[in-house]
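Biologist: Could you walk me through this structure, starting with the overall fold and then moving on to whatever lies inside and between the chains?

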Amino acid sequence: MTNLLQQIVSGLASGGIYGSLALAIVLIHRSTGVVNFAQGELATLSAFICWTLMDHGWAFWPAFGATLALSFLGGVALQQTVIRPIQSGPLLGIVILTIGLLIAVNGLDTWIWGGAAKQFKGPFSTSPINVGGVAFSKQDIGVIVVSILAVVLIGLLFAKTKLGLGLRAAAINPVEARLAGVRVGVMLALGWGLAAALGAVAGVLAAPSLFLEPNMMQTVLLYAFAAAVLGGMDSPVGAVVGGLVLGVLLNLVGTYVHWVGGELRLATALAVILGVLLVRPAGLFGRTAVRRV
Amino acid sequence: MSLLELRDVEARYGELRALHGVTLAVAEGDFVAILGANGAGKTTTLRAISGTVKTTSGEIFFDGQKVFRRTPESMARRGVAHVPEGRGTFTTLSVLDNLRLGAWVQRGFSTRDLAHVFEFFPRLYERRDQQAGTLSGGEQQMLALARAMMAKPRLLLLDEPSLGLAPRVVREIFTTLARMNETGTTIVVVEQNAMIALAAARHAYVLETGRVVLGGDAADLQRNESVRRSYLGY
């Protein structure tokens, strides 16, 4: 029983990281239809930036704030310089381009910071607390809280603000949105900026427990895709819930299904993707558009 | 003075020339119908005005000023609302969100405007929380109109508002347009249904293969022999 609780708590903690990266992926996908394969590497880059600032003597929170701002601007700049010129072209081209970005950013990280893993001291202590036989750290709780907070904030932005309405409109029907006066180009750039900032949250959350190195987010990206597919590629809530569920599921399967163990963790995630696509392609929270014809 | 003036406007889709020099004027407060067969350039004329297609030559004046780089966004901000054919609504947004979006170019979002629009369209009030895509065709056209109204446009461009709708609904829509026109909105409507368009409009133009071939009082055009034969069918 204790072991079960233990697996659930640590599953939620890793799930929070998958969920926040999945949230970034979903944001871009729902506004442009693009699956951004570089999202994980961008998150790693953000974590490196945060690490560098702290290495220069910044305290965590100011460094984190600056990282979020820089990542946001970086996302906007990336969309404007690299994505926009081919925005009107075939979707496949953009997706392939993001794979190119993945490789480029990974190379950039290695070039600047080297391949050796760095220790990243986050804001939350990683030393275990023991409650009724279940061991977890403040870091675990922090990850879960921050990822839920992120989705609540994003949800409020979309549902309650004029900017959110514009972002949704630009995603649903760009031609009509322009006729209503929405600057769709600006909305797309802001979408990339928001996604990059969310990716930064994921990267900084992950760095203390995963060790910071250029390939840090590569497997996380695959889990994030599984989480996004599970929750629904267009649902921000689904992304985070999908992340948390996936984290717990992987832990439970790894613990109780003996022939899976730790080695087949990734394979289990891919099985989840396959299963969801077969049974419920829209995901748990995905809404299929209702249309009267 | 004219609110809108097109001088010798040309537009093309790739190699295909859609407008061969359209010249027309719309006075402030006017209600203008644009008639013509399929492919005559009616839709393209509206698109040229709202900046949805680029024009290759000619000039467009709005409110006495020549408008150079027209984009849909900038024209919307100048007070042009364009309701394209096929009832442009955001199908997965709620009715209320669609209306909020209509007021995008307004600084704030006023509940008074919303109440005013719901007075025009009581049925939309009943369905305010529904997804726009679940409305009937007529209701979606109403929503498209209502959304345009939220922008408080100076010029309303409508493309085939009667398309695919029952005669009763079409009458309802044109009654609404007449009321909007009375309250000061200048309207340009493109219609296949020449009968109802000429009955509602004050002035009309007839387009043929990308050119204006006839223009004048709607009542005169209604009596015009060739218009009767080609567009009214009697």
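**Fold, core and contact**

Modeller: This is a predicted model, and chain A, followed along its sequence, runs α-α-α-α-β-β-α-α-α-α-α-α-α.

Biologist: How many helices and strands is that in chain A?

Modeller: Chain A has 11 helices and two strands.

Biologist: And why does the radius of gyration of chain A agree with a compact globule?

Modeller: A compact globule of 293 residues would have a radius of gyration near 19 Å, and chain A agrees because its own value is 19 Å. Along the principal axes, the C-alpha atoms of chain A fill a box of roughly 60 × 50 × 35 Å.

Biologist: What share of chain A is buried?

Modeller: Buried residues account for 47% of the 293 residues in chain A. The largest nonpolar core has 156 residues, and the ones with the most contacts inside it are A:Leu21, A:Leu23 and A:Ala224. Helix α8 of chain A, covering residues 184-210, gives this core its largest share, which is 18 residues.

Biologist: What does A:Ala224 touch, leaving out residues up to four places away in sequence?

Modeller: With those left out, A:Ala224 touches A:Tyr18, A:Leu21, A:Ala22, A:Ile25 and A:Gly40.

Biologist: Switching topic, how many residues does each chain bring to the contact between A and B?

Modeller: Chain B brings 21 residues and chain A brings 17 residues. On the side of chain B that touches chain A, α2 (72-78) and α3 (95-102) of chain B each supply at least two residues, and the residues of that side divide into seven nonpolar, 10 polar and four charged.

Methods
Residues are numbered from 1 along each chain as its sequence is written. Chains are lettered from A and ligands numbered from 1 in the order in which they are written. This is a predicted model: local features need pLDDT of at least 70, side-chain atom pairs count only at pLDDT 80 or more; totals for chains, interfaces and linings use all residues. Helices (H or I, at least four residues) and strands (E, at least two) are DSSP runs, numbered from the N terminus. The radius of gyration is taken over C-alpha atoms; the globule rule is 2.2 Å times the number of residues to the power 0.38. A residue is buried if 20 or more other C-beta atoms lie within 10 Å of its own, exposed if 12 or fewer, and partly exposed in between; C-beta atoms are placed from the backbone. A nonpolar core is a set of buried Ala, Val, Leu, Ile, Met, Phe, Trp, Tyr and Cys residues joined through C-beta atoms within 7 Å. Two residues are in contact if their C-beta atoms, placed from the backbone, lie within 7 Å. Ala, Val, Leu, Ile, Met, Phe, Trp, Tyr, Cys and Pro count as nonpolar, Asp, Glu, Lys and Arg as charged, and the others, Gly among them, as polar.
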